[in-house]
Amino acid sequence: MEPAMQSPHRSETNHNETLQIDFTWAKMKSYISNVSDPSKPLYIVDYSSIKKECILVSSASTGLRIGSGVLHIFSINPNFKLHGRKGVLKALSRWKTSYTHQSYAFAASPDGPPATMTWTGHSDFKTWDFVCLDERQMPVAKVKANWWSVHKVGRIEFLGDRVISEAARDEIVVTGLTLMYCMVIRTISLPSLVGAVVARPGPIKDGSKQQLQQQDGPAAPKDQALAGKQD
């Protein structure tokens, strides 16, 4: 039986918070914790090469599933699930690191339409930075991946003066990790290169937004089961 899905949080966390991502080869897991208290993980990330959902993010304190990421062999548009609600990271360009997703955690109103978030990226020899921008194109978070580290594989930094809710932090962790590993696959996989050639990049269409909302409905309740490197 799969772990229960955790309800989205509405409490607030500190702005300018920084999380570190520590990978352990012995358990094939990542532990995400606040840099100020690395001994107490906030999230546990499991990886699977045989399940459709290959990135599984759970709460370290409760063990409940928060979300998951789905990477594809050909498509350059990874999918994710966050608190029972499905979403997609839609490529805006075939070759640049430029993606968009619909956010309920960063929406102006809990009952209103989702906000449109944008991800950009740039890399050098050592690191790859993925920056998430809000609808005003203001940075709210940055995922920094270190390709050469075998344990401290990255950090997640929350930017600006916005006070980040735990729901928003969950969203950045799930979407940021999904995008990070999607780009890893895109850089080493020939099928992904073919997928980029035939892709139709662009924003998520209104029809697709409505279809996702109708298909998924509200976020899953707490007791509902989940369906289906920086030294």
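The model is predicted. The structure holds 4 aromatic pairs. The largest cavity contains about 60 Å³ of space. His-101 is buried, whereas Trp-148 is exposed.

**The largest cavity**

- Space in this cavity comes to about 60 Å³.
- Rolling a probe the size of a water molecule over the atoms shows where empty space is left.
- The lining includes Leu-71, His-72, Ser-75, Ile-76, Asn-77 and Pro-78.
- Cys-182, Ile-185, Arg-186 and Ser-192 are also among the lining residues.
- Helix α1, residues 166-188, gives the most to this lining, with 3 residues.
- By type, the lining residues divide into 5 nonpolar, 4 polar and 1 charged.

**Aromatic rings**

- There are 4 aromatic pairs in the structure.
- One of them joins Phe-23 and Trp-25. Their ring centres are 5.0 Å apart, and the planes are at 90 degrees. That pair counts as edge-to-face because the angle is over 60 degrees.
- Phe-23 has a relative accessible area of 12%. It counts as buried because that value is under 20%.
- Phe-23 and Trp-25 belong to one aromatic cluster with Tyr-47 and Tyr-181.
- A charge also meets a ring: the charged end of Arg-85 sits over the ring of Tyr-104. The distance to the ring centre is 3.8 Å.

**Two strand residues**

- Tyr-31 is in strand β2, which spans residues 29-34.
- Is Tyr-31 buried or partly exposed? It is partly exposed, with a relative accessible area of 23%.
- Tyr-31 and Val-45 are 14 residues apart in sequence. In space, their C-alpha atoms are 6.3 Å apart.
- Leaving out residues up to four places away in sequence, Tyr-31 touches Gln-20, Ile-21, Asp-22, Thr-24, Pro-41, Tyr-43 and Ile-44.
- His-101 is in strand β9, residues 98-103.
- The relative accessibility of His-101 is 0%, so this residue counts as buried.
- His-101 and Val-88 are 13 residues apart along the chain. Their C-alpha atoms are separated by 6.1 Å.
- Again leaving out residues up to four places away in sequence, His-101 touches a list of residues that includes Phe-80, Val-88, Leu-89, Ala-115 and Thr-116. Met-117, Trp-119, Cys-132, Glu-171, Thr-175 and Ile-204 are also among its contacts.

**Loop residues**

- Met-28 lies in the loop between β1 (18-24) and β2.
- What is the phi of Met-28? It is positive, about 55 degrees, although Met-28 is not a glycine.
- Met-28 is partly exposed, at 42% relative accessibility.
- Gln-137 sits in the loop between β11 (127-133) and β12 (139-146).
- Gln-137 has a positive phi of about 65 degrees, and this residue is not a glycine.
- At 45% relative accessibility, Gln-137 counts as partly exposed.
- Trp-148 is in the loop between β12 and β13 (152-158).
- The relative accessible area of Trp-148 is 57%. Trp-148 counts as exposed because that value is over 50%.
- Trp-148 and Thr-127 are 21 residues apart along the chain. Their C-alpha atoms are separated by 8.1 Å.

Note on methods: Residues are numbered from 1 along each chain as its sequence is written. This is a predicted model: local features need pLDDT of at least 70, side-chain atom pairs count only at pLDDT 80 or more; totals for chains, interfaces and linings use all residues. Side-chain values use heavy atoms; hydrogens and water are left out. Helices (H or I, at least four residues) and strands (E, at least two) are DSSP runs, numbered from the N terminus. Buried means under 20% relative accessible area, exposed over 50%, partly exposed in between (1.4 Å probe, protein chains only). Contact means heavy atoms within 4.5 Å. On a 1 Å grid over the protein atoms alone, a cavity is a set of points where a 1.4 Å probe fits but cannot get out, and a pocket is an open set with protein on both sides within 12 Å along at least five of seven lines; lining residues have an atom within 4 Å of a point. Grid points are joined across faces, edges and corners, and a volume is the space filled by probe spheres set on the points. Ala, Val, Leu, Ile, Met, Phe, Trp, Tyr, Cys and Pro count as nonpolar, Asp, Glu, Lys and Arg as charged, and the others, Gly among them, as polar. Rings of Phe, Tyr and Trp (its six-membered ring) pair if their centres lie within 6.5 Å; planes under 30 degrees apart count as stacked, over 60 as edge-to-face and the rest as tilted. A charge sits over a ring if NZ of Lys or CZ of Arg is within 6 Å of the ring centre and within 35 degrees of the ring normal.
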